[in-house]
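I opened this entry to keep track of what I looked up in the coordinates. The notes follow the sequence of my own checks.

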Amino acid sequence: MALGTLHMGGGVGGSLTADIPLLWGEKINDYFRYNLSLAQFFIDRSEELADGGSDVYTPNIIALATNAKANGSQVTLNQPIQTKQTLTVSTWKESSFVIEDREMAQLKKSYYLQNKFAKSAAWEVAQDLDDAIAAQFTNFTVAGNILGSATANVVDSTLLAAIAILETAGVPVYGGDTAWIFHPNTFYRQIGSVDKLTLWQNTNTELPRVKAPTRSLYSIPVIVSPAVPLGAGAVGENSSRLNMLAFNDSIHWARMSMPVGAVKGYVGSEGVRVQESYVHEYLGTLVTVDLCYGTMQNRTDSAVKIRSHSVANGL
C-alpha cells in the first residue's frame with residue numbers, strides 16, 4: 001500500500017524540521033595563492049639596514065680607459081666620474097583584523113580561523129613585495145636589450161638572442177645566478193608550443209607528455225610567476241608581457257628590520273612582521289601584519305627584456 005502523506009519528514013515545513021540541525025563541515029574553502037619567487041631570486045640587501053637607515057647606496061664601478069705609452073712620456077691618468085644607485089626603503093604595507101571576544105567564542109574551534117587569517121594576511125603583504133620587484137621590469141629600457149613584440153609569441157631565436165646579448169656583455173649566464181622569468185601564459189602557451197623545445201625527437205625525453213614541463217631552457221633555470229607585468233606607455237610595449245632573462249644583480253630589494261612589540265609576534269618570510277595583541281578597549285584580539293620595503297633597478301645591462309603577446313597569438 002502507498003505510504004500516504006502523514007509520515008514524519010524534514011524539509012521546509014516538515015514535522016522534523018526543528019529536530020534536524022544545520023552543521024558547518026570541517027573543510028574551509030581557502031583562496032588560491034601562487035608561489036612567491038622573485039624576492040628569493042634577486043639580491044636582498046636587508047642585512048645592511050639591520051642597524052638602522054632608510055637608503056642603501058651602491059657605487060657604480062666605471063671601467064678605466066687604456067692608453068698608449070711611449071718611451072719617456074708620462075702615463076695618462078683616468079678621471080672617471082663615479083655614480084651610485086640608491087635603494088630607498090620606504091614602502092610600508094600592512095594588513096590587520098580584529099576578532100572580538102563574543103565572535104571568538106562563537107567560532108568553530110576546528111577551523112583555526114585566526115591562524116588562517118594571519119597566514120593569509122602575511123602572504124598578501126609578501127605578495128606586494130614580489131609585485132614591486134616585477135614592476136621594475138618596465139625600467140629596463142636599453143634598446144639593445146629589448147627583444148620580441150607585443151603582438152607575437154616568444155620564439156626559439158629570441159631565446160638564443162637573449163643569451164647572446166648577455167654573454168656579449170660579459171654577464172655570467174651559466175654561473176647559476178641568471179634565470180628566465182616568464183608569465184605562465186608565455187611559458188606554457190607559447191614556449192610550450194615550440195617544437196624544438198618540446199617534441200621527443202628534439203629533446204629525447206618524454207617529459208612534455210608524462211611529467212611536468214622542465215623548468216629549464218638551454219640549461220638556464222626558469223621562474224614562472226603571474227607577477228610578470230604588462231607593458232604600458234612605452235612604444236611597442238602596450239599590452240605586451242614583459243618577460244626577462246635576468247642576472248640576479250639586476251634588481252635589488254631590502255626591507256626594514258622592524259621591532260616586534262607585541263607579546264605574541266615574530267618576523268617571518270621576506271621580513272614580514274606578524275603581531276598579535278589583546279585590545280581591551282574593544283574586547284578583541286588585534287592581528288597586524290606589515291612590511292616596509294624598497295626595490296630598485298641596479299644594473300641595466302645585466303638583463304634582457306623579452307616582450308610577448310599577453311596570452312598567445314594564434315593559439
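**Nonpolar cores**

I began with the largest nonpolar core, which holds 31 residues; Leu38, Phe42, Ile133, Phe137 and Ile181 touch the most other members. I then looked up where the members come from: H1 (38-41), H3 (113-135), E6, E9, E10 (251-255) and E13 (284-297) each supply at least two residues of this core. Helix H3 gives the largest share, 9 residues.

Leaving out residues up to four places away in sequence, I found Leu38 touching Asp130, Ile133, Ala134, Phe137, Ile181, Ile223, Ser225 and Ala227. Another core lies apart from the largest one; it has 20 residues, and I noted Leu159, Phe187, Leu245 and Ile306 among them.

**Confidence**

This is a predicted model, and I checked the scores before going on. The mean pLDDT of the protein chain is 81, and 79% of the residues score at least 70. Which elements mark the lowest and highest confidence? Helix H7 (residues 200-203) is lowest with a mean of 48, while strand E6 (residues 178-182) is highest at 96. Where pLDDT is low, the predicted coordinates should not be read in detail. I therefore leave the coordinates alone where the score is low.

**Whole chain**

I counted 8 helices and 14 strands in the protein chain. Of its 315 residues, 38% are buried. For contacts with a separation of 6 or more, 76% are between residues 24 or more positions apart.

I traced an open sheet of 6 strands with mixed pairing, in the order E5-E14-E9-E6-E8-E7. Its edge strands are E5 (146-148) and E7, each of which pairs on one side only. Helix H4 (residues 156-168) packs on this sheet and touches E5, E6, E7, E8, E9 (241-247) and E14 (303-308). The direction of H4 makes about 160 degrees with that of E14.

Next I asked why strand E8 (residues 220-224) is largely enclosed by the rest of the structure. The answer is in the burial: 4 of the 5 residues of E8 are buried, so the strand is largely enclosed.

E8 pairs with E6 in the parallel sense over 3 bridges. I looked up two of the residue pairs: Ile181 has Ile223 in E8 as its bridge partner, and Phe182 has Val224 in E8. Ile181 had already come up among the core residues that touch the most other members, and both Ile181 and Ile223 are touched by Leu38.

With strand E7 (residues 216-217), E8 pairs in the antiparallel sense over 2 bridges. Here Ser216 stands opposite Pro221 in E8. The hairpin of E7 and E8 has 2 residues between the strands, and I noted a positive phi near 50 degrees for Tyr218.

**Asp249**

Is Asp249 buried or exposed? Its relative accessible area is 18%, so Asp249 is buried; the cut-off for buried is under 20%. Setting aside neighbours within four places in sequence, I found Asp249 in contact with Ile43, Asn298, Arg299 and Ser302.

Technical notes:
Residues are numbered from 1 along each chain as its sequence is written. This is a predicted model: local features need pLDDT of at least 70, side-chain atom pairs count only at pLDDT 80 or more; totals for chains, interfaces and linings use all residues. Side-chain values use heavy atoms; hydrogens and water are left out. pLDDT is the predictor's confidence in each residue, from 0 to 100. Buried means under 20% relative accessible area, exposed over 50%, partly exposed in between (1.4 Å probe, protein chains only). Two strands pair if DSSP finds at least two bridges between them. Contact means heavy atoms within 4.5 Å. Axes are lines fitted to C-alpha atoms, for helices over the stretch in contact, and angles run from 0 to 180 degrees between N-to-C directions. A nonpolar core is a set of buried Ala, Val, Leu, Ile, Met, Phe, Trp, Tyr and Cys residues joined through side-chain atoms within 4.5 Å.
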